[in-house]
Amino acid sequence: MHFLSATFAALALAALTHATTADSPALSLTGTDPLRFFNLPTLISAEKSAANPHDIEAIRATLSLYPLAIDGKNFGSLSLIFAEDAVANYSAPLNVLSPLSTIQSVLEASLKPVTTQHSFGTQLIDVLSRDEAFSVTYYTATHFGRGEFEGRTATAFGQYQDVWRRGEGGWRIGHRNLVYMGPIVGDLTIFTFAG
Ligand SMILES: *[C@@H]1O[C@H](CO)[C@@H](O)[C@H](O)[C@H]1NC(C)=O
């Protein structure tokens, strides 16, 4: 928890530097509270580009492994993306998952009835310090029914708010908030497939 408080203090500081609006109280962050959408455009400074582009590309490449891991159902490979002690708030119904082994087992179990395609869209990556970074990534996740549900889909629209830290193996997500940006569209009964 020491890491989280340090990170969120840094984030809150970065946020307050750039977004001193009436909405600022929302930035008194606790570990699993998502950032408000209103604050995101001003959270990341446009002028601050001292960060090493290699770090930004390394983070982008690591994030790109996430859809490959999930859609490939290679949940072991999530260790390339998340720190061992990562805390991820996947929102209801999955809620807060920690550590990595729980993220792996819960995602694997909850996605068992379906196959998926996760697609990334709008993305901002901000390197806060040598060892800390923050990113926001929009995603669309389509879930495809299997067996008797083949041909039916359910699509989720949201964003990942990720806090990164650099460790021995490279950049890893220490903290994630998955925030839905709309209702899940489609047929949720596909998740009841038991085959
Ligand atoms: C997790 O995130 C959701 C929003 O996506 C929020 O409503 C909820 O309070 C968060 N959970 C915790 C324990 O902070």
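1. Of the 33 residues in the largest nonpolar core, the ones touching the most other members are Tyr66, Leu78, Phe82, Tyr90 and Leu107. By nonpolar core I mean a set of buried Ala, Val, Leu, Ile, Met, Phe, Trp, Tyr and Cys residues joined through side-chain atoms within 4.5 Å; buried is under 20% relative accessible area, exposed over 50%, partly exposed in between (1.4 Å probe, protein chains only). Bear in mind that this is a predicted model: local features need pLDDT of at least 70 and side-chain atom pairs count only at pLDDT 80 or more, while totals for chains, interfaces and linings use all residues. Residues are numbered from 1 along each chain as its sequence is written, and side-chain values use heavy atoms, with hydrogens and water left out.

2. Where does the largest share of this core come from? It comes from H3, with five residues. The elements giving two or more residues are H3, S1, helix H4 (100–111), strand S3 (114–127), S4, S5 and strand S6 (170–180). Helices (H or I, at least four residues) and strands (E, at least two) are DSSP runs, numbered from the N terminus.

3. Have a look at Leu78. Leaving out residues up to four places away in sequence, Leu78 touches Tyr66, Ala69, Ile70, Leu100, Gln104 and Leu107 (contact means heavy atoms within 4.5 Å).

4. Rings of Phe, Tyr and Trp (its six-membered ring) pair if their centres lie within 6.5 Å; planes under 30 degrees apart are stacked, over 60 edge-to-face, and the rest tilted. One of the pairs is Tyr66 with Phe82, edge-to-face at 6.2 Å centre to centre and 75° between the planes. That pair links distant parts of the chain, with Tyr66 in helix H3 (residues 53–71) and Phe82 in strand S1 (residues 82–89), 16 residues apart. Tyr66 counts as buried because its relative accessible area is 2%, and Phe82 because its value is 1%.

5. Phe149 and Phe193 also pair edge-to-face, at 6.4 Å centre to centre with 90° between the planes. Phe149 sits in the loop between strand S4 (132–145) and strand S5 (153–167), and Phe193 in the segment after strand S7 (185–186), 44 residues apart. Both Phe149 and Phe193 are buried.

6. Back to Tyr66, which forms one aromatic cluster with Phe82, Phe120, Tyr139 and Tyr160. The charged end of Arg176 sits over the ring of Tyr66, 4.5 Å from its centre, and also over the ring of Tyr160, 3.8 Å from its centre. The cut-offs for that: NZ of Lys or CZ of Arg within 6 Å of the ring centre and within 35 degrees of the ring normal.
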